[in-house]
Amino acid sequence: MIPEKIIVASSNEGKLKEIRDILKDTEVISMAQAGFCGDIEETGLSFKENALIKAKAVSLQTGLPVLADDSGLCVDFLGGAPGIYSARFSGEGPAANRALLLKRMQGATDRKAHFECAVCLYFPDGKTIFGTGKTYGKILEEECGNGGFGYDTLFWSDDLQKSFGIATPQEKNGVSHRARALKDLISRL
């Protein structure tokens, strides 16, 4: 069972809101609210490694169980990019990331993509539990909607048959990579 109160190793408000919506019966606290200060360098070569790095760093400083996720958009045409570099793809923020993705996808006929997520629950005694999830779709040729965050307005969900940018939070959370990773994690507790 997931703890009643959990620290999430993130300052991304969109991600925190999604996790709060998915883990309805759990009090979700950001790392800043828990008193964590400092930057965490994501030096892992996979989503799973980066999730562990973040969860462990915050747990070691706070002495509490910590949930971390690392997730990103993987585009077939780009050989899986931006992948673990999704948040810093352009180096200039979400809007620039989407613009760069559209530029790199110009003329692409293969627009298949998926969001991937690895979550890590790290306990102060070193016990570590992981969960993973994916959701499949394609990259649109232009933004659609203004909901969600990150690449949501460019991602057409196979499950929903619409852009994550126009999906309600409840619709997205029903099929998202993060929801599937958290469900996988909970099944392992």
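Leaving aside its neighbours within four places in sequence, which residues is Lys15 in contact with? Select Lys15 and have a look: Ser10, Lys54, Asp69, Ser71, Phe149 and Arg178 are there, with contact meaning heavy atoms within 4.5 Å.

Before going on, a word on what you have open. This is a predicted model, in which local features need pLDDT of at least 70 and side-chain atom pairs count only at pLDDT 80 or more, while totals for chains, interfaces and linings use all residues. Residues are numbered from 1 along each chain as its sequence is written, and side-chain values use heavy atoms, with hydrogens and water left out.

**Stop 1: Lys15**

Stay on Lys15, which sits in helix 1. (Helices, H or I with at least four residues, and strands, E with at least two, are DSSP runs numbered from the N terminus.) Lys15 counts as buried because its relative accessibility is 11%; buried means under 20% relative accessible area, exposed over 50%, and partly exposed in between, with a 1.4 Å probe and protein chains only.

**Stop 2**

Next, bring up the largest pocket, with a volume of about 800 Å³. Of its 30 lining residues, Asn12, Lys15, Glu42, Ser71 and Ala87 are the closest to the centre. A pocket here is an open set of points on a 1 Å grid over the protein atoms alone, where a 1.4 Å probe fits, with protein on both sides within 12 Å along at least five of seven lines; lining residues have an atom within 4 Å of a point. Grid points are joined across faces, edges and corners, and the volume is the space filled by probe spheres set on the points.

Colour strand 3 (66-75), helix 3 (94-104) and helix 5 (177-188), as each supplies at least two residues of this lining. Strand 3 has the largest share, four residues. By class, the lining of the largest pocket has ten nonpolar, eleven polar and nine charged residues. (Ala, Val, Leu, Ile, Met, Phe, Trp, Tyr, Cys and Pro count as nonpolar, Asp, Glu, Lys and Arg as charged, and the others, Gly among them, as polar.)

Then select Lys17, Glu18, Gly148, Phe149 and Pro169, which lie nearest the centre of the second largest pocket, lined by 14 residues. Its volume is about 180 Å³. Helix 1 gives the most to this lining, with four residues.

**Stop 3**

Seven of them form an open sheet in the order 2-1-3-4-5-6-7, with mixed pairing; two strands pair if DSSP finds at least two bridges between them. Strand 2 (27-30) and strand 7 stand at the edges with a single partner strand each, so one side of each is left without a neighbour in the sheet.

Nine of its eleven residues are buried, so strand 4 is largely enclosed by the rest of the structure. Ten bridges join strand 4 to strand 3, and the two run antiparallel. Strand 4 also runs antiparallel to strand 5 (residues 128-139), through eleven bridges. Select Ala118 in strand 4: Asp70 stands opposite Ala118, and in strand 5 the bridge partner of Ala118 is Thr132. Strands 4 and 5 form a hairpin with five residues between them, and Gly126 in the turn has a positive phi of about 95°.

**Stop 2: the cores**

Select Leu67 and Leu185. These have the most contacts inside the largest nonpolar core, which has 16 residues. Such a core is a set of buried Ala, Val, Leu, Ile, Met, Phe, Trp, Tyr and Cys residues joined through side-chain atoms within 4.5 Å. Not counting residues up to four places away in sequence, Leu67 touches several residues, including Ile6, Val8, Ile19, Val119 and Leu185. A second, separate core of 15 residues includes Leu101, Met105, Ala108 and Phe155.

**Stop 3: two backbone details**

Where is Pro82? Look in the loop between strand 3 and helix 3. A cis peptide bond joins Ala81 and Pro82, with omega about 0°. Finish at Gln161, in the loop between strand 6 (155-157) and strand 7 (162-163). Gln161 has a positive phi of about 60°, although it is not a glycine.
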